[in-house]
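Reader: Could you take me on a close look at one part of this model? I would enjoy a connected account of a single residue and the packing around it.

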Amino acid sequence: MATKKLTTQQANVLRMACTHGHLTQGCRMQSDYGGRICTIYSLRRLGLLDAMDVPTEAGREADKTGRVPLKTPNPKAPDA
């Protein structure tokens, strides 16, 4: 299965979620907070964090490996 490497920011936020859960720790300015929230949303889209920002099973695995499995399109699906 194909995998994608996490970005540095994604890996850092995922590590925080897996260790202590304070995902906005270290944000000093509004721009820091905004960038962190975008990173959190990207981890949610990848299925690594749930809606409450708790790491999923896939998130805990990605924290160990630093990689995320890619969802490949179904080759039998008709083109849209």
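Author: Setting aside neighbours within four places in sequence, T39 touches Q9, Q10 and V13, where contact means heavy atoms within 4.5 Å. T39 sits in helix α2; helices (H or I, at least four residues) and strands (E, at least two) are DSSP runs, numbered from the N terminus. With a relative accessible area of 12%, T39 is buried, a label for values under 20%, while exposed means over 50% and partly exposed lies in between (1.4 Å probe, protein chains only).

A word on the source: this is a predicted model, in which local features need pLDDT of at least 70 and side-chain atom pairs count only at pLDDT 80 or more, while totals for chains, interfaces and linings use all residues. Residues are numbered from 1 along each chain as its sequence is written, and side-chain values use heavy atoms, with hydrogens and water left out.

Now to the wider contact. Q9, Q10, V13, L14 and M16 of α1 meet R36, T39, I40, S42 and L43 of α2. By type, the residues of this contact are 5 nonpolar, 4 polar and 1 charged; Ala, Val, Leu, Ile, Met, Phe, Trp, Tyr, Cys and Pro count as nonpolar, Asp, Glu, Lys and Arg as charged, and the others, Gly among them, as polar.

How do the two helices cross? Helix α1 (residues 8–19) and helix α2 (residues 30–45) pack at about 80 degrees, and their axes are 10 Å apart. Axes are lines fitted to C-alpha atoms, for helices over the stretch in contact, and angles run from 0 to 180 degrees between N-to-C directions. The pair is therefore roughly perpendicular, the term for 65 to 115 degrees; under 35 counts as roughly parallel, over 145 as roughly antiparallel and the rest as oblique.

Looking at α2 itself, R36, T39, I40, S42 and L43 are buried. They lie on the same side of α2, because they cover an arc of only 160 degrees around the axis, taken from the directions from the helix axis to the C-beta atoms. The cover over the buried residues of α2 includes α1. On the other side of α2, Q30, S31, C38 and R45 are exposed. After α2 comes G47, with a positive phi near 80 degrees.

To place all this in the chain: the elements run β-α-α-α-β from the N terminus, and buried residues make up 24% of the 80 residues.
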